[in-house]
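Dear colleague,

I am passing on the structure below, together with some notes on what came out of it. Please read the notes with the coordinates open beside you.

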Amino acid sequence: MRLTVSAIVFSLAAFVAALVWFMPMSAALRLSGLSGQGVSWSQALGRAVDGDIVGAAWQGWRIGQVSVRADLLRGLQAGPPLVADWSGPSSDGFARIGLGPGGAAFSGLEARLRLPARRIAGFGLEVPASSLRLQDGRFILANGACQSGEAAAASDAARKLGQAAGLGWPALTGTLRCEAGAWSLHLTGTSEAGAVFTLDAARRGPTRIRIEKLDPATAQALAFAGLETASGQVSIEIPYTE
């Protein structure tokens with residue numbers, strides 16, 4: 001009797017595994033619940049365990065083409081069973097993905113977000129094209145939003161802006177976090193001359209930049225851009241725009 005039950009369970013498991021293995025990517029996406037998490041796509045190719053998602057986007061943010069494959073060894077060890085690589089107009093990266101009822105868990109996320117050049121309204125500053133790199137990210141998505149998670153973050157925007165002015169401004173490092181649908185980014189760095197940079201930003205909120213312990217060259221460059229430097233520090237608030 002016990003052997004019969006074991007044989008039935010094994011047969012069912014084999015059937016489910018075969019069903020998943022040969023399931024088209026389009027069907028897997030429909031069943032995954034990702035559309036309810038704000039994920040959209042224009043085309044799905046191949047199988048669920050080895051296919052491509054074309055024109056992928058999340059809540060209007062264009063991701064591009066995503067290649068998905070199964071990591072059978074990780075799956076047998078109860079780890080995230082899917083591996084995804086993506087490349088698009090604004091980012092590229094890698095993550096392990098586990099899908100569950102009503103949500104998705106991302107781990108081992110590595111990504112580079114490409115940010116276009118931007119002039120800071122009201123100031124004579126134009127930030128050149130830059131990138132934000134994320135490493136070792138872990139995020140949980142549910143109910144159409146990121147519920148929890150964080151990743152190490154690094155931005156080269158201040159360094160590139162300093163290079164344009166012949167100043168040794170730093171790359172900024174810190175953490176990207178999300179909690180109950182709210183995203184926040186906190187970065188800091190110290191220049192070669194000792195000026196301390198701090199950046200705080202939130203999704204759909206203003207970006208706040210503070211520069212303290214101004215050295216003479218940094219103070220002169222910021223004053224030339226129309227910023228008040230007499231107090232030995234500078235604060236800039238950049239409003240959110242779509």
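Which residues are exposed on the other side of helix 5? Before the reply, a word on conventions: this is a predicted model, in which local features need pLDDT of at least 70 and side-chain atom pairs count only at pLDDT 80 or more, while totals for chains, interfaces and linings use all residues. Residues are numbered from 1 along each chain as its sequence is written, and side-chain values use heavy atoms, with hydrogens and water left out.

The residues asked about are Pro216, Gln220 and Phe224, which are exposed on the other side of helix 5; here exposed means over 50% relative accessible area, buried means under 20%, and partly exposed lies in between, with a 1.4 Å probe and protein chains only. Helix 5 spans residues 216–224, and within it Thr218, Ala219 and Leu222 are buried. These three cover an arc of only 100 degrees around the axis, which puts them on the same side of helix 5, the arc being that of the directions from the helix axis to the C-beta atoms. The cover over the buried residues of helix 5 includes strand 15 (207–212) and strand 16 (234–238), and just after the helix Gly226 takes a positive phi of about 95 degrees.

Helix 4 (residues 157–164) can be described in a similar way. Its buried residues include Ala157, Ala158, Leu161 and Gly162, and these cover an arc of only 130 degrees around the axis, which puts them on the same side of helix 4. Among the elements that cover the buried residues of helix 4 are strand 9 (125–127), strand 10, strand 11 and strand 12. Gly166, with a positive phi near 75 degrees, follows the helix.

For the overall picture, the protein has five helices and 16 strands, where helices (H or I, at least four residues) and strands (E, at least two) are DSSP runs numbered from the N terminus. Of its 242 residues, 37% count as buried. Of the contacts in the protein with a separation of 6 or more, 35% are between residues 24 or more positions apart, contact meaning heavy atoms within 4.5 Å. The protein exposes about 13800 Å², of which carbon and sulfur atoms supply 60%; these accessible areas come from the Shrake-Rupley method with a 1.4 Å probe, and for residues only the protein chains shown count as cover.

Turning to the strands, strand 10 and strand 11 (residues 145–155) run antiparallel and are joined by nine bridges, two strands being paired if DSSP finds at least two bridges between them. Leu132 stands opposite Ser155 of strand 11, and in the hairpin that these two strands form, with two residues between them, Asn143 takes a positive phi near 55 degrees. Strand 11 also pairs with strand 12 (residues 172–179), in the antiparallel sense and over eight bridges, and there the bridge partner of Glu150 in strand 12 is Arg177.

The largest nonpolar core has 52 residues, of which Val66, Leu134, Phe139 and Leu185 touch the most other members; strand 10 gives the most to this core, with four residues. A nonpolar core is a set of buried Ala, Val, Leu, Ile, Met, Phe, Trp, Tyr and Cys residues joined through side-chain atoms within 4.5 Å. Leaving aside neighbours within four places in sequence, Leu185 is in contact with residues including Leu132, Ala153, Thr175 and Leu199.

Rings of Phe, Tyr and Trp (its six-membered ring) pair if their centres lie within 6.5 Å, with planes under 30 degrees apart counting as stacked, over 60 as edge-to-face and the rest as tilted. By this rule the count comes to two aromatic pairs. In one of them, the rings of Phe139 and Trp183 have centres 5.4 Å apart and planes at 40 degrees, so the pair is tilted. This pair links distant parts of the chain, with Phe139 in strand 10 (residues 130–142) and Trp183 in strand 13 (residues 182–190), 44 residues apart. Phe139 is buried, at a relative accessible area of 5%, and Trp183 also counts as buried, at 18%.

Finally, Ser191 lies in the loop between strand 13 and strand 14 (196–202) and counts as buried at 7% relative accessibility.

With best regards
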